[in-house]
Amino acid sequence: MKKIENGPGGEPADGSPPRGRPRSETARRSVLDAALELCRRDGYQELTIKGIADEAQVGRQTVYRWWPTKQDVLLEVLTELPHRSQAELFPDTGDVYRDIEELLGHTFRLTRGAIGRAVVGLMADAQADASLALRLQAEVIAPRRAALREILERGVARGELRQDGPASLDLAVDFAFGVMWYRLLSGHAPVDGPLAQEIAAALGPLLGSGTARRS
């Protein structure tokens, strides 16, 4: 019989789910909520598996069994946020600029408080951890990028935007979220509703406006 090698949390090293008892949904929710609360209260750098377990009132092995690192816990928190609903990821108001504002506005609101600390902390750690960088990109960043690109494509199809400006659709997406990341990491200016409006207004000239923006 082939021996199954386990990872540090008791999970199989091949990425398959751990054997044994299934996760208690109550304990799982407690762990995720505890991680977010500690991140809000103490900051990302102070977050530990021990602290999460104590706050959630579960054993450390319960946490390690399913989340080998604090990064694993926070990634699960971020991928379960209610903002991932279809209405928020793919707004369709009939006005491409309003759709951009709504998508970016939802995204920017999530960067405040604990979520913002978690996202910035994960991004910082990802610079020295290729595996974390790939997961952060796939699970957290890529869905938002895809949603914005779909909105821009829809705007082009409806004649609200053109593609004869100085930027491609991909560069326009980089511009929108690049501004967000720069402000989050530097902290020099807010990431808020007015920023979402400014970015939406700037994307027209970048791509080439097909129609005047509606008031």
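This is a predicted model: local features need pLDDT of at least 70, side-chain atom pairs count only at pLDDT 80 or more; totals for chains, interfaces and linings use all residues.
Trainee: What share of the contacts in the chain with a separation of 6 or more comes from residues 24 or more positions apart?

Mentor: Residues 24 or more positions apart account for 69% of those contacts.

Trainee: How many helices and strands does the chain have?

Mentor: There are ten helices and zero strands, where helices (H or I, at least four residues) and strands (E, at least two) are DSSP runs numbered from the N terminus.

Trainee: Why is Leu171 called partly exposed?

Mentor: Buried means under 20% relative accessible area and exposed means over 50%, with partly exposed in between (1.4 Å probe, protein chains only); Leu171 has 46% relative accessibility, and therefore counts as partly exposed. Leu171 is found in helix α9, and its C-alpha atom is separated by 10.0 Å from that of Arg149, 22 residues away along the chain.

Trainee: Why is Gln57 placed in its accessibility class?

Mentor: Gln57 is called exposed because its relative accessible area is 74%. Gln57 is found in the loop between α2 and α3 (60–66), and its phi is near 60 degrees, a positive value in a residue other than glycine.

Trainee: What makes a set of residues a nonpolar core, and which residues have the most contacts inside the largest one?

Mentor: Such a core is a set of buried Ala, Val, Leu, Ile, Met, Phe, Trp, Tyr and Cys residues joined through side-chain atoms within 4.5 Å. The largest has 56 residues, and Val73, Ile100 and Leu152 have the most contacts inside it. Helices that each supply at least two residues of this core include α4 (70–79), α6 (96–110) and α8 (130–157). Leaving aside neighbours within four places in sequence, Val73 is in contact with residues including Val31, Leu32, Ile52 and Trp67.

Trainee: What makes Lys70 a charge over the face of Tyr44?

Mentor: A charge sits over a ring if NZ of Lys or CZ of Arg is within 6 Å of the ring centre and within 35 degrees of the ring normal; Lys70 lies over the face of Tyr44, at 4.2 Å from the ring centre.

Notes:
Residues are numbered from 1 along each chain as its sequence is written. Side-chain values use heavy atoms; hydrogens and water are left out. Contact means heavy atoms within 4.5 Å.
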